[in-house]
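Visitor: I would like to learn how to read a model like this one. Can we take it feature by feature?

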2 protein chains.
Amino acid sequence: MIDELVKQITEKNAPVVVGLDPMLSYVPEQVKAAAFEEKGETLEGAAEAIWQFNKAIVDATYDLIPAVKPQIAMYEQFGVPGVLAFAKTVEYCKSKGLVVIGDIKRGDIGSTSTAYAVGHIGQVAVGSKTYRGFEEDFVTVNPYLGTDGVKPFVDVCKEENKGIFVLVKTSNPSSGEFQDRLIDGKPLYELVGEKVNEWGAECIGSCGYSAVGAVVGATYPEMGKVLRKLMPKTYILVPGYGAQGGKAADLVHYFNPDGLGAIVNSSRGIIAAYKQEKYASFGAANYADASRQAVIDMIEDINSAR
Amino acid sequence: MIDELVKQITEKNAPVVVGLDPMLSYVPEQVKAAAFEEKGETLEGAAEAIWQFNKAIVDATYDLIPAVKPQIAMYEQFGVPGVLAFAKTVEYCKSKGLVVIGDIKRGDIGSTSTAYAVGHIGQVAVGSKTYRGFEEDFVTVNPYLGTDGVKPFVDVCKEENKGIFVLVKTSNPSSGEFQDRLIDGKPLYELVGEKVNEWGAECIGSCGYSAVGAVVGATYPEMGKVLRKLMPKTYILVPGYGAQGGKAADLVHYFNPDGLGAIVNSSRGIIAAYKQEKYASFGAANYADASRQAVIDMIEDINSAR
């Protein structure tokens, strides 16, 4: 799947991913009104609103982008109907040929991580049959529990030709509280980065990159530079660009000399583009067109940095 | 909610929690056969099987125990039908008066953690209405992202009178890989423990314990002893007893002198008790009775340690 991701990034000349993190406040009134009319001001109505919102944005952007990254929390908050909207979104994006990165940040003890892995990127056995519970191509994984919490995901990646991105240095303001602390003179995120190399060593695709990637926030460019060199075969998923403050110029060192090695996410900056002054002329009615323009602008901006 | 948990622990004289982690391999053949007969060998059939399995165990044990801890991964692996079985299990346990600890190990950047918190222990707004997506009383939280990943959960705890347990030292074999590494002479888990104290300082219940608890595995008793002293007002959720190797004698130091401060989880040891030689005489048909006996034995064992 890392080969498919790199192929699409290369073909579309777009090392970007659109974060499908639909807060209800991003969804234009007319979309909410139609969904509430059909399903009521209920969890089902909210789920319908975010699904219709997603669908229009995907329809308007799928030809430009290699991948989407739905953030499952934004769906899970609406309970079971929300989780159903997540599953539908994943399925729809795959039908449009997109690589789907499930931003689930799971991680647990071994047998439990196995359950998450088979549920999201693998197959679960039910009697004599097997099924896919959810159908992402990649998921994000939290490393706090160490190797036996991550390995089950890696094993499923190998069996299923899927991938993961392990949290190394996250984009949020307090990520340094634990991640930056020095251990034998090295910050924790470097130790995690070294482990990412180890975990990924057996899953190098024909593109030269591993199916085990890393999450490194755009908001910490100096650390990104160090981590890029430390993990040469690791694809880096970069959150924090745009609304969180990361700029393209900061991202130069997240790419390898081959112009590959990083894929930059924007969520709010794309899906709620119509709310920005820059794209306000589209109007709320044409929110998906505003998102398309924001994608075009983002691709140009990011390509200037690699 | 920490007051309610402590009240039930005291009244039932049982500092234990039953982990509802229903692997399909734990479910007796007759339960699976009935579920598959009704819903087919499908995700729905698997979800029905684990729900019926859970229900019988809860019916057989709820009068003895203060709390249950469903592990959401075991449900999520069956996709949306599995998540529905999770929601039903939570609801049913609450109808039986049990405190429900959702073992979800979520944690993300601020706005995303907020979505998880409102979804699992709070209320989400949909237009002019509010709903509860899931309805746990406590959830487990991963601290890797630092304060701004945890604080949204704490805020919702305060508003909703709910609680969390933050992963400090997990029970799995490789938990030491990062958690035990020394930072300024102190292991990472102690730094996390200190933060748990800080996060919980504003949520001390009338029982004297905070709504912000900690997860400390039974498999590391020496570290449990240190963490008990470091976090005097923190309730400790203790996984790893029984099947993972933790023994009651190891747990003496997880309790405070008041006999409180810790609640010990057993999952497989209780819900799959009928598979153990010790309880084999119950037979698979009476698996719930076997679970009840295992709960009685566990309570006696744990009470010998406090």
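Guide: We will go through the barrel, a helix, the core and the chain contact. Keep in mind that this is a predicted model.

Visitor: In what order do the eight strands of chain B close into a barrel?

Guide: Strands of a sheet pair through backbone hydrogen bonds, either parallel or antiparallel. In chain B the order is 1-2-3-6-7-10-11-12, and the pairing is parallel. The twist from one strand to the next averages 30°. Take one pair: strand 3 (residues 99-106) and strand 6 (residues 138-141) of chain B are joined by three bridges. Within that pair, Arg106(B) stands opposite Val141(B).

Visitor: What lies across strand 10 of chain B?

Guide: Helix 10 (residues 221-230) of chain B does, running at about 165° to strand 10. Helix 10 also lies across strand 7 and strand 11 of chain B.

Visitor: How many residues of helix 5 of chain B are buried?

Guide: Twelve of its 17 residues, so the helix is mostly covered. Among them are Val83(B), Leu84(B) and Phe86(B). The length of helix 5 can be checked too: at 1.5 Å a residue it should span 24 Å, and its end C-alpha atoms are 25 Å apart, which agrees. Just after this helix, Gly97(B) takes a positive phi of about 85°.

Visitor: Which residues have the most contacts inside the largest nonpolar core?

Guide: In soluble globular proteins, nonpolar side chains tend to be buried together. Here the largest core has 223 residues, and Val166 and Val238 of chains A and B have the most contacts inside it. Beyond its sequence neighbours within four places, Val238(B) touches residues including Leu251(B), Tyr254(B) and Ile263(B).

Visitor: How many residues does each chain give to the contact?

Guide: Chain A gives 59 and chain B gives 59. The chain A side divides into 29 nonpolar, 22 polar and eight charged residues.

Definitions and conventions: Residues are numbered from 1 along each chain as its sequence is written. Chains are lettered from A and ligands numbered from 1 in the order in which they are written. This is a predicted model: local features need pLDDT of at least 70, side-chain atom pairs count only at pLDDT 80 or more; totals for chains, interfaces and linings use all residues. Two residues are in contact if their C-beta atoms, placed from the backbone, lie within 7 Å. Ala, Val, Leu, Ile, Met, Phe, Trp, Tyr, Cys and Pro count as nonpolar, Asp, Glu, Lys and Arg as charged, and the others, Gly among them, as polar. Two strands pair if DSSP finds at least two bridges between them. Helices (H or I, at least four residues) and strands (E, at least two) are DSSP runs, numbered from the N terminus. Axes are lines fitted to C-alpha atoms, for helices over the stretch in contact, and angles run from 0 to 180 degrees between N-to-C directions. A nonpolar core is a set of buried Ala, Val, Leu, Ile, Met, Phe, Trp, Tyr and Cys residues joined through C-beta atoms within 7 Å. A residue is buried if 20 or more other C-beta atoms lie within 10 Å of its own, exposed if 12 or fewer, and partly exposed in between; C-beta atoms are placed from the backbone. The expected span of a helix is 1.5 Å times one less than its number of residues.
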